[in-house]
Amino acid sequence: MKKNVLKIVFTLALVVAVCVGAAMSISAREHRFDFRTIIFPDDTFTQTLGINDFDTIAGYHGAAVNKGFVFAFPNNFTSENFPNSAQTQVIGINNRGYTDGFYIDAAGTNHGFLDINGSFTTVDFPGTTLNQLLGLNNLEQAAGYYADAAGIDHPYIFNNKGGAFSVITIPAAVGGAQATGINDKGSISGFYIDGAGKNHGFLISKGEFRTLDFPESTLTQAFGLNNHDEVVGQYVDASGLTHGFIFDDGEFTSVDDPEGIGTTTINGVNDRGQIVGFYVAAGGNTDGFVGSK
C-alpha cells in the first residue's frame, strides 16, 4: 500500500458568482433514456455512482455494511474494498479504470482513497479525521472534501501527480460544501449549504462560479459532470420527492428512472451522455441503474 504524500496546500478564492435557476423555466428538451437496473447479487441495496466512457461502473452495495464494486456488462461484478477496511464505497472512475471513494477503518474513521491499477492510497487532508473522495478525472485529479473539528465540510481537489491539495473557498457556504466531480478541463461540480441551511448545487467552469438551483426546488445537489460540462445530481420538489437532473448549457432537465419516480438520484455521467444513479423500488429496496440514450 502506498503512503499518501502531502506537499502543497492552497486556497482557490472564487470571486465571480452567477446564480442559475431562480427564474429559469424547466428545459423543454426531452432526454429519453433506456434504463437498466443494476442489483448486486442477493442484496437489497445497490448504488451505482460513477461511469466511464467504456461502460465500466463504480458503486457499492449493502445497507448495513458497505462493500465496493466495479461493474462491467453484461453482469460482471468485481469486489473492490480498501485493504483491512470495515466499509468501502467506490464512487469515481476514469477511463483507465482508476477509482476513488472512501473507506471506514476499524476505529470508525472516514478516509478518502485512490485505487491506481490495484494499488490503494489513503488520501486525507492534513490534520483532519474525516475525508471522502467523490469524483476522478483522467489526469488523476480527485474531487472531495474534509470535515473540520466543528463538523463543517470543506471542498478540495487532490492531484495525485504531486500529492497537492487545492482547497475551494465558497463565501456563501456557511454550512459547508463538497466537491463531487472534476473533469479534464478542470471544471468542478458540487454543492454547498447557505446560512439558512439550504443546499445549492454549483459548477465552476472557465473561472466562473455558478450556483445551480433546479427551478422551484427546496434542495439541489450536483454530484458529477463530464468533459462537456454536463452536470448531474438530485433535487427535491415542493412535495418532498427526489428527482434526478441534468444541467447542460444553461438548461435543466428532470430525469426519473421509471421504476423509481420521485426517488431517483443521478450520481454520474460519462462523455457519451450515459447516466448512473439509484432509486428506491416499490418494495423498499435501493437499486442502481444505468441510463443510455
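These legends walk through several close-up views of a predicted model.

View 1. Let us begin with a sheet whose strands follow the order 4-5-6-7 and pair in the antiparallel sense. Strand 4 (46–51) and strand 7 (76–79) sit at its edges, each pairing on one side only. From one strand to the next, the twist averages 30°.

**View 2. Where strand 4 meets strand 5.** Here we look at one pairing of that sheet. Strand 4 and strand 5 (residues 57–61) run antiparallel and are joined by 5 bridges. To find your place, look for Q47, whose bridge partner in strand 5 is Y60.

View 3. Strand 9 (99–104) and strand 10 (110–116) run antiparallel, with 6 bridges between them. The hairpin leaves 5 residues between the two strands, and G108 in the turn has a positive phi of about 90°.

View 4. T109 belongs to the loop between strand 9 and strand 10. Is T109 buried or partly exposed? T109 counts as partly exposed, because its relative accessibility is 23%. Leaving aside residues up to four places away in sequence, T109 touches Y103, I104 and T129. T129 is 20 residues from T109 in sequence, yet the two C-alpha atoms are 6.4 Å apart in space.

**View 5. Strand 10, covered on both faces.** Why is strand 10 described as largely enclosed by the rest of the structure? It is described in this way because 7 of its 7 residues are buried. On one side you will find N110, G112, L114 and I116, and on the other H111, F113 and D115, all of them buried.

**View 6. A second hairpin, from strand 10 to strand 11.** Strand 10 also pairs with strand 11 (residues 119–123), in the antiparallel sense and over 5 bridges. In this pairing, L114 has T121 of strand 11 as its bridge partner. The hairpin has 2 residues between the strands, and N117 takes a positive phi near 55°.

View 7. The model has a count of 27 aromatic pairs. One of them joins F245 and F252 edge-to-face, with 5.6 Å from centre to centre and 65° between the planes. F245 counts as buried because its relative accessibility is 0%. F252 is likewise buried, with a relative accessible area of 0%. Elsewhere, ring pairs link F40, F69, F71, F73 and F77 into a cluster.

View 8. About 330 Å³ of space lies in the largest cavity. Its lining is made of 30 residues, and the closest to the centre are I51, I93, L136, L225 and V269. The elements that give two or more residues to this lining are strand 4, strand 8 (87–93), strand 12 (131–136), strand 16 (177–182), strand 20 (219–225) and strand 24 (265–269).

How values were computed
Residues numbered from 1 in each chain as written. Predicted model: local features only at pLDDT ≥ 70, side-chain atom pairs only at ≥ 80, totals over all residues. Heavy atoms only, no water. Pairing = 2+ DSSP bridges. Helix = DSSP H or I, 4+ residues; strand = E, 2+ residues; numbered from the N terminus. Axes fitted to C-alpha atoms, helices over the stretch in contact; angles between N-to-C directions. Phe/Tyr/Trp six-rings, centres within 6.5 Å; stacked < 30°, edge-to-face > 60°. Buried < 20%, exposed > 50% of the residue type's maximum accessible area, 1.4 Å probe, protein only. Contact = heavy atoms within 4.5 Å. 1 Å grid on protein atoms, 1.4 Å probe; cavity = no way out; pocket = protein on both sides within 12 Å on 5 of 7 lines; lining within 4 Å. Points joined across faces, edges and corners; volume = space filled by probe spheres on them.
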